[in-house]
Amino acid sequence: MENYPAVAFMVKHGKWVTVLTALVPIATTIAIMVFCALHWGWLIAAVGLGAFGGLMMKAFVELIQIIVDMLLPQ
């Protein structure tokens, strides 16, 4: 897998990337709420966006894992 560094990174660190993808919108919204007095309703939207983004990233990481398992020699 040395010819595919991005694939190797996603196979090795995909779970952490998924967690970060889910938490970034929530953390960003909380920070904006604290510093800019944003309405709390945006936090609900951020949780939904984080959940959807995390789900999509998890599916992407799993697809990469399937491709690596089936097509790339070990």
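I began with the largest pocket and noted that H1 gives the most to its lining, with eight residues; helices here are DSSP runs of H or I with at least four residues, strands are runs of E with at least two, and both are numbered from the N terminus. The model is a predicted one, in which local features need pLDDT of at least 70 and side-chain atom pairs count only at pLDDT 80 or more, while totals for chains, interfaces and linings use all residues. Residues are numbered from 1 along each chain as its sequence is written, and side-chain values use heavy atoms, with hydrogens and water left out.

I then looked up the overall fold, and found that the secondary structure comes to two helices and zero strands. Helix H1 covers residues 5-36 and helix H2 residues 41-71, and they pack at an angle of about 175° with axes 9 Å apart (axes are lines fitted to C-alpha atoms over the stretch in contact, and angles run from 0 to 180 degrees between N-to-C directions). H1 is therefore roughly antiparallel to H2, a term for angles over 145 degrees.

For the extent of the protein, I recorded that its C-alpha atoms fill a box of roughly 55 × 20 × 10 Å along the principal axes. The radius of gyration, taken over C-alpha atoms, is 16 Å, whereas a compact globule of 74 residues would have one near 11 Å, by the rule of 2.2 Å times the number of residues to the power 0.38. Buried residues, those under 20% relative accessible area with a 1.4 Å probe and protein chains only, make up 19% of the 74 residues.

Conventions
Angles under 35 degrees count as roughly parallel, over 145 as roughly antiparallel, 65 to 115 as roughly perpendicular and the rest as oblique. Buried means under 20% relative accessible area, exposed over 50%, partly exposed in between (1.4 Å probe, protein chains only).
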